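Keep the viewer open as you read.

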Amino acid sequence: MLELYQWELSHYSEKVRLILDYKRLDYRKIEVTPGLGQIDLFRLTGQKQVPVLKDGSRYIVDSTEIAKYLDLEYPDRPLIPQDPKSRGLCLLMEEWADTSIGVKAKTALFSAISQDQDFRKSLLPNSTPDIFKSLVAGVPGDVLTMLGFGVGYSPDVIKAAMTDLKQDLESLTLLLADSPYLTGDEPSLADLTVASLSILLKFPEVAYLDLPAGIRGKGVPGLADNPDYEPFFTWRDRLYAQFRKPLIGTPATGSAPTSIQIE
């Protein structure tokens, strides 16, 4: 069986999960422990980032490379069109989404966490003791702003990311106004990439991810609750309903991540 080394809240990991579900491929998720688990991952692949797909003795790194690999090895339900123009458009939009929505969504989510105590609290696993939930919720926004400076999330960076994301969502809403998919009449890697990378902007209502129930349907203020972008998120949720498998019989949220084992 295919194995996916991942982080549950990683939207690039979610991109691969959606791709695997779209192709109707069975796989097993392996949650990589931050720190020690990444060292193990480096020993296996020469790098520390997720997602990584294991197929037999092969390890494929990077969500885009994983998508291309799966199209070659598992050609049913192809991700990338064969028509040259559609293929070029698909690959161009996938790269754009990776470097625009994918990068800026993390910045926007940090901003939302900094500003909203309830949203910050809802991200914690259900197993977190109430006293720790209260402590996390009570961290002053000024403290988080200072921490943001340390990881590159200054107010100017956050403002620029939000401006760009608004333009991205407006553009996507317009493109999808009279078309079921971004590159034609059939779903492609472009659609799956855009849909999956948007989860940090607004989490789906359905339990596709092993996350606390309190966070479902919530998202970044100004984006998730903006009626102008509602058609996009409706499209995203419809695509998920078509192709993404909801979680069934999964362990309770908050279970400890597992360190990967070196074979």
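Start at Leu 70. Leaving aside residues up to four places away in sequence, Leu 70 touches Leu 2, Ile 19, Leu 20, Lys 23, Leu 25, Leu 53 and Pro 75. Keep in mind that this is a predicted model.

Now widen the view. Leu 70 belongs to the largest nonpolar core, a set of 60 residues. Together with Leu 201 and Leu 239, Leu 70 is among the residues with the most contacts inside that core. Which elements give two or more residues to it? They are strand E1 (2–6) and a series of helices: H1 (11–22), H3, H4, H5 (101–115), H9, H10 (189–197) and H11 (230–243). Helix H5 supplies the largest share, seven residues. A second core is separate and holds six residues. Tyr 5, Val 32, Val 50 and Val 52 are included in that second core.

Val 50 leads on to a backbone feature. The peptide bond from Val 50 to Pro 51 is cis, and its omega is near 10 degrees. Pro 51 sits in the loop that runs between helix H2 (36–45) and strand E3 (52–55).

Asp 62 is not a glycine, yet its phi is positive, about 85 degrees. Its loop lies between strand E4 (58–61) and helix H3 (63–73). Is Asp 62 buried, partly exposed or exposed? Its relative accessibility is 38%, so Asp 62 counts as partly exposed. Arg 77 also has a positive phi without being a glycine, here near 55 degrees. Arg 77 is found in the loop between H3 and helix H4 (84–99). Arg 77 counts as partly exposed because its relative accessibility is 25%, and the cut-off for buried is under 20%.

Finish at Thr 173. This residue is part of helix H9 (residues 155–175). Why does Thr 173 count as buried? Its relative accessibility is 15%, and buried means under 20%. What lies 2.7 Å from a polar atom of the Thr 173 side chain? The backbone oxygen of Leu 169 does.

Notes: Residues are numbered from 1 along each chain as its sequence is written. This is a predicted model: local features need pLDDT of at least 70, side-chain atom pairs count only at pLDDT 80 or more; totals for chains, interfaces and linings use all residues. Side-chain values use heavy atoms; hydrogens and water are left out. Helices (H or I, at least four residues) and strands (E, at least two) are DSSP runs, numbered from the N terminus. Buried means under 20% relative accessible area, exposed over 50%, partly exposed in between (1.4 Å probe, protein chains only). A polar contact is a pair of N or O atoms within 3.5 Å; within protein, one must be able to donate a hydrogen and the other to accept it, and residues adjacent in sequence count only if both atoms are side-chain atoms. A nonpolar core is a set of buried Ala, Val, Leu, Ile, Met, Phe, Trp, Tyr and Cys residues joined through side-chain atoms within 4.5 Å. Contact means heavy atoms within 4.5 Å.
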